[in-house]
Amino acid sequence: MSSLPNKTRVLVLKESPARDSPLYHDIVIEERVIPTLKEGEILVKMGAVSYNRRELWMRRGLYPGIVLGVTLGADGAGMVVASADKDDSPLNKRVFLVPMKGWESSPDAPELISAFVIIGGTRLSGTFADYVVVERDGVIQTPDHLDDIHMAAWPLGGVTAWRATVVNAQVTKGQSVLVTGIGGGVALLAVQICVAKGVNVYVTSGSEDKIQKAIQLGARGGVNYKNREWSSQLAKLIEQNTGNGTPQLDAVIDSAGGDIMKQVNKILKPGGRVVVFGMTATPVIKFTMHEVLKHHRLIGSTMGSRKDLIDATEFLAEHQIVPVVSHVLEGLDSAEEGFELLKNGEQFGKVVIRMGNLKAKASL
């Protein structure tokens, strides 16, 4: 490491001295010493990092397990520039960081729930840094078709979308699937995965522009959830596309919660699955005897295992999927701008920070 910097800049969460009401923690760039690598550790020079809404929730004090002073960020990609082990295979390879620890391969849930943690702003340092020290199994090689900017838009959202669509909803070619709340990173990746699998995908959004952008990605159509009759409109849309007099969904991938079961009851096939990976509308979902009698299944789904992420990344590479990037910011000094974009909620895709002089190559 003699030719490498011995210090790195990091973006950390600090308690606001003004004790704002409502609470909104500060973000601060600090310079810290890069620790000497231990056996099994590598040093990654970050090329790009990206936001998730969890970072915004952390600043608002609404996320579990927050540790102030720990580097933020769960998503990032870059180059392995040093290793504690001589002639280590990852050296000089492009990689992205695994955004969690404590879930290797169990098909149902983390092997030990209490050991599972997402990196960044928790007890594990994150990606928002010039250099990151990580264990060798904490990275996966980047597919050749993606640059660091688009790769940084993948890990957390990719594993979440994969587990929701493929593992839990079990989507297959020819099915009809609804993805709600299009525009966020996970929902967009869910659409892209479904389209690559030959699924007929439909979306909801409060924005007609976002619906049209989803159609450009391969969705068959969409409806505006601000209209109280959106489920009836969706039924008509499915009927138009399939010619089936009994329009039905095979599965729903949902991030809102609330009355989703009531809304889709009439158009979800008997035995259909509703997979919920978030609850932005309300943290309660009503499940009634109407759903029981139709054998509807409500499945909670959050993140995924390291094996899920490897499987998802192989699928990403096979189908040349390019994650959608909404904004590219320049350097950690622009971090506050990224949080403002998240607060406004108008982005379509991920907000990414480009580190250094990286140039993008992938395009939609």
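**Exercise 1. Around aspartate 250**

Task: Find out which residues aspartate 250 touches, leaving out residues up to four places away in sequence, and decide whether aspartate 250 is buried or exposed.

Solution: 
- Step 1. Not counting residues up to four places away in sequence, aspartate 250 touches Gln175, Ser176, Leu268, Lys269, Gly272 and Arg273. Keep in mind that you are working with a predicted model.
- Step 2. Now place the residue: aspartate 250 belongs to strand E13, residues 249-254.
- Step 3. The relative accessible area of aspartate 250 is 19%. Buried means under 20%, so aspartate 250 counts as buried.
- Step 4. Among the contacts, look at lysine 269: its side chain and that of aspartate 250 make a polar contact of 3.2 Å.

**Exercise 2. The span of a helix**

Solution: 

**Exercise 3. The buried side of H9**

Task: List the buried residues of H9 and say what covers them.

Solution: 
- Step 1. Arg306, Asp308, Leu309, Ala312, Thr313, Phe315 and Leu316 are the buried residues of H9.

**Exercise 4. Two helices meet**

Task: Describe how H3 and H9 pack and name the residues that meet.

Solution: 
- Step 1. Two packed helices are described by the angle between their axes and the distance between the axes.
- Step 2. For H3 and H9, the angle is about 90° and the axes are 9 Å apart. Therefore H3 is roughly perpendicular to H9.
- Step 3. On the H3 side, the meeting residues are Pro155, Gly158, Val159, Trp162, Arg163 and Val167. On the H9 side, they are Asp308, Leu309, Asp311, Ala312 and Phe315.
- Step 4. Another residue to look at in H3 is asparagine 168. Asparagine 168 is buried, with a relative accessible area of 12%.
- Step 5. The side chains of asparagine 168 and serine 301 are joined by a polar contact of 2.9 Å. Beyond its neighbours within four places in sequence, asparagine 168 is also in contact with residues including Arg273, Val275 and Ile299.

**Exercise 5. Positive phi angles**

Task: Locate asparagine 92 and glutamine 320, and give the phi of asparagine 92 and of glutamine 320.

Solution: 
- Step 1. Start with what to expect: most residues other than glycine have a negative phi.
- Step 2. Asparagine 92 is not a glycine, yet its phi is positive, about 65°. Asparagine 92 sits in the loop between strand E4 (75-83) and E5, and is exposed, with a relative accessible area of 59%.
- Step 3. Glutamine 320 is not a glycine either, and its phi is positive, about 55°. Glutamine 320 sits in the loop between H9 and strand E18 (325-330), and is partly exposed, with a relative accessible area of 48%.

**Exercise 6. A buried loop residue**

Solution: 
- Step 1. Aspartate 147 lies in the loop between E9 and H2. Aspartate 147 is buried, with a relative accessible area of 4%.

**Exercise 7. The nonpolar cores**

Task: Find how many residues the largest nonpolar core has, and which of them have the most contacts inside it.

Solution: 
- Step 1. The largest nonpolar core has 84 residues, and Val44, Tyr51 and Ile253 have the most contacts inside it.
- Step 2. H4 gives the most to this core, with eight residues.
- Step 3. A second, separate core has 18 residues, including Val223, Val252, Val264 and Leu268.
- Step 4. Return to valine 44: among the residues it touches, beyond those up to four places away in sequence, are Met79, Val80, Val95, Leu97 and Val139.

Definitions and conventions. Residues are numbered from 1 along each chain as its sequence is written. This is a predicted model: local features need pLDDT of at least 70, side-chain atom pairs count only at pLDDT 80 or more; totals for chains, interfaces and linings use all residues. Side-chain values use heavy atoms; hydrogens and water are left out. Buried means under 20% relative accessible area, exposed over 50%, partly exposed in between (1.4 Å probe, protein chains only). Helices (H or I, at least four residues) and strands (E, at least two) are DSSP runs, numbered from the N terminus. Contact means heavy atoms within 4.5 Å. A nonpolar core is a set of buried Ala, Val, Leu, Ile, Met, Phe, Trp, Tyr and Cys residues joined through side-chain atoms within 4.5 Å. A polar contact is a pair of N or O atoms within 3.5 Å; within protein, one must be able to donate a hydrogen and the other to accept it, and residues adjacent in sequence count only if both atoms are side-chain atoms. Axes are lines fitted to C-alpha atoms, for helices over the stretch in contact, and angles run from 0 to 180 degrees between N-to-C directions. Angles under 35 degrees count as roughly parallel, over 145 as roughly antiparallel, 65 to 115 as roughly perpendicular and the rest as oblique.
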